[in-house]
Amino acid sequence: MEQSAGELTSRRMRLTIRFAVAPALFLAGALTVHAAGDPAIIKGADQFEFVYRVKLPEITGAARVWIPLAKTDSFQNVTVEELNIPMKWDKVHDRDYGNDICVVNAQPQDSGKTIELRYKVVRKEKAAYAAGNADAARYLRPEKLVPVNETFKTLAEKTVAGKNDDLERAKALYDHVISRMRYDKSGTGWGRGDAVYACDVRTGNCSDFHAYFIALSRSINIPARFAIGATIPADKNEGKIEGYHCWAEFLADGQWVPVDISEAWKNPKLADYYFGHNPANRFELTKGRDLVVDPEPESGPINFLAYPFLEMNGEVIKPETTFEFRRIGA
């Protein structure tokens with residue numbers, strides 16, 4: 001049977017994604033790969049120690065801190081080496097995604113204290129993987145900063161016109177976000193994962209890129225979801241990590257397909273790789289947006305959780321936070 005060019009493209013894309021599915025066992029080795037002139041990525045698997053450190057500010061009244069606690073999943077094996085939390089704390093889970101979260105009720109005597117979480121992590125490269133019994137409908141619903149509306153629907157439908165299936169349609173949206181957005185952290189408004197801001201201003205960081213992609217996907221009934229953590233530098237074996245990183249996944253052909261659009265924008269030679277893969281040098285802290293926890297912040301559900309969320313006297317405070325790593329066996 002003769003196939004159209006579009007059908008052939010979609011079939012090749014589907015085969016690429018399926019054959020890239022990672023094995024169930026963690027791999028023993030790591031392969032560092034460079035796209036000429038671009039930062040390295042690690043394929044296969046990576047092993048590292050990750051240190052999450054928070055220094056509390058002066059506590060002058062009612063204060064509470066929510067801190068993500070990393071855990072093991074199909075793509076990362078997490079061993080807790082040390083939880084140095086020198087005050088009373090409780091472990092809770094958010095309602096919708098089951099993230100583990102440390103909640104600290106800070107007192108004035110805790111002013112200036114340091115909380116340190118130390119993990120040993122074996123992480124494997126992520127490719128498309130079976131969705132299992134995932135509640136797809138959950139990932140079509142809007143979130144506070146990721147609405148589903150006619151603006152996104154119109155943009156998405158125009159972008160995917162003539163595409164044959166959800167994998168091909170998602171690739172068109174991925175390419176659209178790369179071409180429309182610019183990675184730029186100047187000014188105000190960026191960094192909140194605000195899909196409307198990203199659509200209007202066309203700039204932002206990783207959270208804005210992926211909020212925009214998720215809003216577009218959901219508007220045309222492609223389930224999509226958010227995750228956040230950190231990128232572990234591939235070109236050195238220890239040191240500080242400059243901030244969080246986030247990415248997205250969409251559902252197609254019964255598989256969750258990872259995408260990293262902001263990294264693809266910054267490294268165009270890796271754009272094909274980042275549609276369908278996360279490299280092994282990643283560490284996931286939490287999944288999802290609008291996290292509902294008990295006890296809940298006075299400001300309501302937590303937008304997303306990578307850095308600690310601290311409320312004091314009803315005001316959100318940003319405590320001093322650092323991420324550090326040391327690669328194991330390097």
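1. Asp-253 is found in the loop between E13 and E14; helices (H or I, at least four residues) and strands (E, at least two) are DSSP runs, numbered from the N terminus. Its phi is near 55 degrees, a positive value in a residue other than glycine. Asp-253 is partly exposed, with a relative accessible area of 40%; buried means under 20% relative accessible area, exposed over 50%, and partly exposed in between (1.4 Å probe, protein chains only).

2. A word on the source. This is a predicted model, in which local features need pLDDT of at least 70 and side-chain atom pairs count only at pLDDT 80 or more, while totals for chains, interfaces and linings use all residues. Residues are numbered from 1 along each chain as its sequence is written, and side-chain values use heavy atoms, with hydrogens and water left out.

3. Asn-221, in the loop between H5 and E11, has a positive phi of about 70 degrees although it is not a glycine. Asn-221 is exposed, at a relative accessible area of 56%. For background, most residues other than glycine have a negative phi, and most peptide bonds are trans.

4. Now to the sheet that holds E13 and E14. It is an open sheet of five strands in the order E8-E14-E13-E11-E15, with antiparallel pairing; two strands pair if DSSP finds at least two bridges between them. E8 (129–130) and E15 stand at the edges with a single partner strand each, so one side of each is left without a neighbour in the sheet. Two bridges join E8 to E14 (residues 255–259), and Ala-130 has Gln-255 as its bridge partner in E14.

5. Helices meet this sheet too. H3 lies across E13 (245–252) and E14, running at about 150 degrees to E13. H5 (residues 206–219) packs on the sheet, touching E11 (224–231), E13 and E14, and its direction makes about 15 degrees with that of E13. Here contact means heavy atoms within 4.5 Å; axes are lines fitted to C-alpha atoms, for helices over the stretch in contact, and angles run from 0 to 180 degrees between N-to-C directions.

6. How many residues of H3 are buried? The count is 12 of its 15, including Leu-167, Tyr-174 and Ile-178. At the start of H3, a side-chain oxygen of Asp-165 reaches to within 3.3 Å of the backbone nitrogen of Leu-167.

7. Please look at Arg-282 in strand E15 (residues 282–287). Arg-282 is buried, with a relative accessible area of 1%. Its side chain makes polar contacts with the side chains of Asp-260 (2.4 Å) and Thr-231 (3.2 Å). A polar contact is a pair of N or O atoms within 3.5 Å; within protein, one must be able to donate a hydrogen and the other to accept it, and residues adjacent in sequence count only if both atoms are side-chain atoms.

8. A second open sheet has five strands in the order E5-E6-E3-E16-E17, with antiparallel pairing. Its neighbouring strands are turned by 25 degrees against each other on average, direction ignored. E16 (residues 309–312) and E17 pair over three bridges, and Leu-310 has Ile-317 as its bridge partner in E17.
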